[in-house]
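Hi,

Here's the structure I promised to pass along.

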Amino acid sequence: MKIKLNENEKIEDLQFKQLKIIQNKTGFCFGIDSILLSDFAKEIKKDATVIDLGTGTGIIATLLCVKTKLKEIIGVEKQIEVYKMAQKSIQMNQLENRFKIINEDILNLENKLPKNSFDVIVTNPPYQKKHTGITNEEEKKIIARHETTATLEEFIKVSKSLLKDKGEFYMVHRPNRLVDIIENMRKYKIEPKILRFVYSNEKSEPKLILIKGIKNAKPFLNIQKNLYIYNQEGNYTEEINKIYHK
């Protein structure tokens with residue numbers, strides 16, 4: 001399908017199932033965190049209805065469409081420019097029947113979508129608290145990295161409202177927010193069930209965390225073995241190569 005690109009847009013080949021994503025050359029581009037989250041959530045059940053909060057250009061939703069047998073995934077993106085890029089990517093990948101996207105603030109979703117209606121939520125929210133860290137001058141990068149439009153607690157609160165009873169919640173975030181994450185998940189009745197730490201290599205401190213919760217579940221947390229991105233030679237580990245299908 002012929003897709004018209006704007007001046008600052010480029011097509012990124014995902015090198016998997018002929019999938020491609022349109023991104024802004026000067027804007028915030030997806031990283032390995034999105035790839036890891038899509039793999040972490042690949043056990044989503046057949047015919048599940050899924051929502052991706054803060055979908056960006058749709059990388060996570062796009063990968064889940066081919067990694068799982070989900071029925072439908074809805075991506076929510078506030079930035080109109082990014083939303084339009086994701087729309088074009090959906091058309092380019094011919095995923096219109098399974099991947100829908102809406103241009104909306106996640107804080108408005110409780111009034112836009114039916115409560116207790118989704119089987120699964122996936123999200124890669126901004127990592128930095130508002131007014132912390134280095135602030136990038138470009139607004140689209142600030143929104144992607146800092147809690148300017150919604151806080152971590154608000155992402156979890158909205159998730160609780162939208163999830164069905166025993167619905168699944170998948171998130172990637174930073175280890176320094178782990179206490180906040182678990183505190184807010186329990187506050188909003190999403191019980192942490194699986195936690196995995198991601199390291200650059202065996203000598204580094206943890207770089208990311210992958211966490212799964214279940215709404216209204218009983219307490220029991222399974223901490224999985226660590227995931228290392230690079231081996232001693234500085235190359236991708238065997239597990240990362242498998243995730244990238246290399």
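This is a predicted model: local features need pLDDT of at least 70, side-chain atom pairs count only at pLDDT 80 or more; totals for chains, interfaces and linings use all residues.

I started with helix H1 (residues 32-40) and helix H2 (residues 59-67), whose axes come within 9 Å and cross at roughly 35°. The crossing of H1 and H2 is right-handed. On the H1 side, the contact is made by Ser34, Ile35, Leu37, Ser38 and Asp39, and H2 brings in Ile59, Ile60, Leu63, Leu64 and Lys67. Sorted by class, that contact has 6 nonpolar, 2 polar and 2 charged residues.

Now the salt bridges: the structure holds 14 of them.

Another one joins Lys164 and Asp119, with the closest N and O atoms 3.1 Å apart. Here the link runs between strand E7 (residues 163-173), which holds Lys164, and strand E6 (residues 118-123), which holds Asp119, 45 residues away. Lys164 counts as partly exposed because its relative accessibility is 31%, and Asp119 is partly exposed too, at 23%.

Then there's Arg186 with Glu191, where the closest N and O atoms are 2.7 Å apart. Arg186 is partly exposed at 45% relative accessible area, whereas Glu191 is buried at 10%. Finally, salt bridges with shared partners connect Asp39, Lys42 and Lys67 into one network.

Cheers

Conventions: Residues are numbered from 1 along each chain as its sequence is written. Side-chain values use heavy atoms; hydrogens and water are left out. Axes are lines fitted to C-alpha atoms, for helices over the stretch in contact, and angles run from 0 to 180 degrees between N-to-C directions. Helices (H or I, at least four residues) and strands (E, at least two) are DSSP runs, numbered from the N terminus. A crossing is left-handed if the near helix is turned anticlockwise from the far one by less than a right angle, and right-handed if clockwise. Contact means heavy atoms within 4.5 Å. Ala, Val, Leu, Ile, Met, Phe, Trp, Tyr, Cys and Pro count as nonpolar, Asp, Glu, Lys and Arg as charged, and the others, Gly among them, as polar. A salt bridge is a side-chain nitrogen of Lys or Arg within 4 Å of a carboxyl oxygen of Asp or Glu. Buried means under 20% relative accessible area, exposed over 50%, partly exposed in between (1.4 Å probe, protein chains only).
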